[in-house]
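Subject: A structure to look through, with notes

Dear colleague,

I am passing on a structure that I have been reading through, and my notes follow directly below it. Please keep it open beside the text while you read.

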Amino acid sequence: MIVGIIGGGQLAQMLAMAGQPLGIRCLFLDPAPDACARTTGELLCGDYGDDRLLDELARRATVVTYEFENVPEAGLRRLASRVSVHPHPQALALARDRWHEKRLFADLHIPTPPFVAVDTRADLERALAITGWPAVLKTRTMGYDGKGQRVLRGPADVDGAFAALFGAPLILEGFVAFDREISVVAVRSATGDVRFYPLTENVHRNGVLVQSQARPGDPMTARAEDYVGRLLAHFAYVGVLAVEFFQKGDTLLANEMAPRVHNSGHWTMEGAETSQFENHLRAVLGLPLGATHALAPSGMVNFVGRLPEASAVLAVPGAHLHVYGKVARPGRKLGHATVRAPREPDVQDALARLRVLAEAGGTI
Ligand code: AMP
């Protein structure tokens with residue numbers, strides 16, 4: 001079985017590694033000749049819009065999936081007319097545009113922060129009257145890891161933010177003074193079997209995920225799963241879907257969804273009975289899904305911009321190191337460590353030690 005993956009970054013790499021014991025091989029399409037997944041499968045190197053390469057992917061793969069949202073629509077349509085593509089390209093199209101995504105949340109009665117589409121400076125003034133201060137101005141498309149967004153704390157911030165982002169379609173959102181950020185990673189099979197991983201509590205810095213911790217039995221679980229279940233049913237979804245929420249009091253506000261495996265699910269590699277990567281492959285190939293429960297208290301720390309010494313990471317009890325093999329650059333995710341430990345306080349302690357290692361002398 002060959003799974004075609006659009007994108008050859010670390011998510012594709014970890015999908016391929018999860019596929020190996022199952023006899024699944026992966027074929028990646030990525031414009032970067034040094035795409036880090038190339039060590040784990042065959043790389044078709046070229047543009048995402050290259051018809052010849054898309055056709056080769058369609059011809060050789062049993063099914064095609066993707067590891068990021070910004071896949072050109074024409075290319076996906078071409079693929080979908082020749083081979084099964086999961087998750088459904090419609091889920092991808094919606095997730096790619098923050099405004100359409102939040103419209104869908106609202107249509108499904110999933111609460112969101114207030115949001116307004118902004119195309120002109122006059123729109124922005126009108127939108128601010130709706131959201132109030134502070135607010136966050138974001139590009140509707142191509143934004144990830146906090147890129148393409150500016151927080152507006154007061155009128156003095158407006159001109160600079162608008163000038164920086166203007167040119168692309170924008171969205172203004174109310175700024176949420178959240179108590180915490182959580183995400184739900186779920187998987188659905190073509191036959192409608194739905195499994196949820198334990199809710200995950202996340203910490204971001206400068207818009208980039210730095211830490212996740214699994215929270216089995218969290219009191220917000222039922223509500224979060226209800227919301228995510230609506231999205232899975234809406235798309236008759238196949239594969240892993242991740243949805244990020246802000247929690248304030250006992251309210252959950254949906255921030256965004258990712259129609260793919262997700263950074264906040266990396267703890268499942270060592271922490272869950274079946275990792276999100278294996279379950280995504282099982283789902284898109286029509287194989288039975290695996291159990292999603294946590295094996296023990298678990299978490300993850302990202303290494304952004306620099307990698308700590310392997311020996312220091314591995315000296316942390318319960319830590320497992322994952323290095324992607326990417327060239328170091330500020331703000332770039334280079335690897336992560338998962339932690340699985342017998343008791344919750346041990347995980348807290350390990351995560352704190354890993355955070356120190358991740359940040360020591362590093363440029364983020
Ligand atoms: P995003 O790219 O939308 O996932 O944003 C990245 C991070 O920026 C989020 O995980 C939050 O930490 C922060 N953020 C984004 N939007 C908002 C908002 N409306 N209110 C407060 N924080 C936000």
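Predicted model: local features only at pLDDT ≥ 70, side-chain atom pairs only at ≥ 80, totals over all residues.

Is Phe178 buried, partly exposed or exposed? Phe178 has a relative accessible area of 34%, and because buried means under 20% and exposed means over 50%, Phe178 counts as partly exposed.

The secondary structure comes to twelve helices and 18 strands. With a radius of gyration of 20 Å, close to the 21 Å that the globule rule gives for 364 residues, the protein is as compact as a globular protein of that length. Its C-alpha atoms fill a box of roughly 55 × 50 × 40 Å along the principal axes, and buried residues make up 55% of the 364 residues. Of the contacts with a separation of 6 or more, 62% are between residues 24 or more positions apart. The protein exposes about 14,600 Å², of which carbon and sulfur atoms supply 53%.

Now to the aromatic rings, where a search of the whole structure finds five pairs. One of them joins Tyr48 and Phe68, whose ring centres are 5.2 Å apart and whose planes stand at 50 degrees, so the pair is tilted. Tyr48 sits in the loop between β3 and α2, while Phe68 sits in the loop between β4 and α3, so that the pair links parts of the chain 20 residues apart. Tyr48 is buried, with a relative accessible area of 16%.

Another pair brings us back to Phe178, whose ring centre lies 5.1 Å from that of Phe246; the planes are at 5 degrees, so this pair is stacked. Since Phe178 lies in the loop between β9 and β10 and Phe246 in strand β14, the pair ties together parts that are 68 residues apart in sequence. Whereas Phe178 is partly exposed, Phe246 is buried, with a relative accessible area of 10%.

A charged side chain also meets a ring, for Arg153 lies over the face of Phe175, at 5.4 Å from the ring centre.

Finally, please look at helix α4 (residues 89-96), which is mostly covered, with six of its eight residues buried. Among these buried residues are Leu92, Leu94 and Arg96, and the buried residues of α4 pack against several elements, including β4, α3, α5 and β15.

With best wishes

How values were computed. Residues numbered from 1 in each chain as written. Heavy atoms only, no water. Phe/Tyr/Trp six-rings, centres within 6.5 Å; stacked < 30°, edge-to-face > 60°. Helix = DSSP H or I, 4+ residues; strand = E, 2+ residues; numbered from the N terminus. Buried < 20%, exposed > 50% of the residue type's maximum accessible area, 1.4 Å probe, protein only. Lys NZ or Arg CZ within 6 Å of the ring centre and 35° of its normal. Rg over C-alpha atoms; globule rule 2.2 N^0.38 Å. Contact = heavy atoms within 4.5 Å. Areas by Shrake-Rupley, 256 points an atom, 1.4 Å probe, with all protein chains shown as cover.
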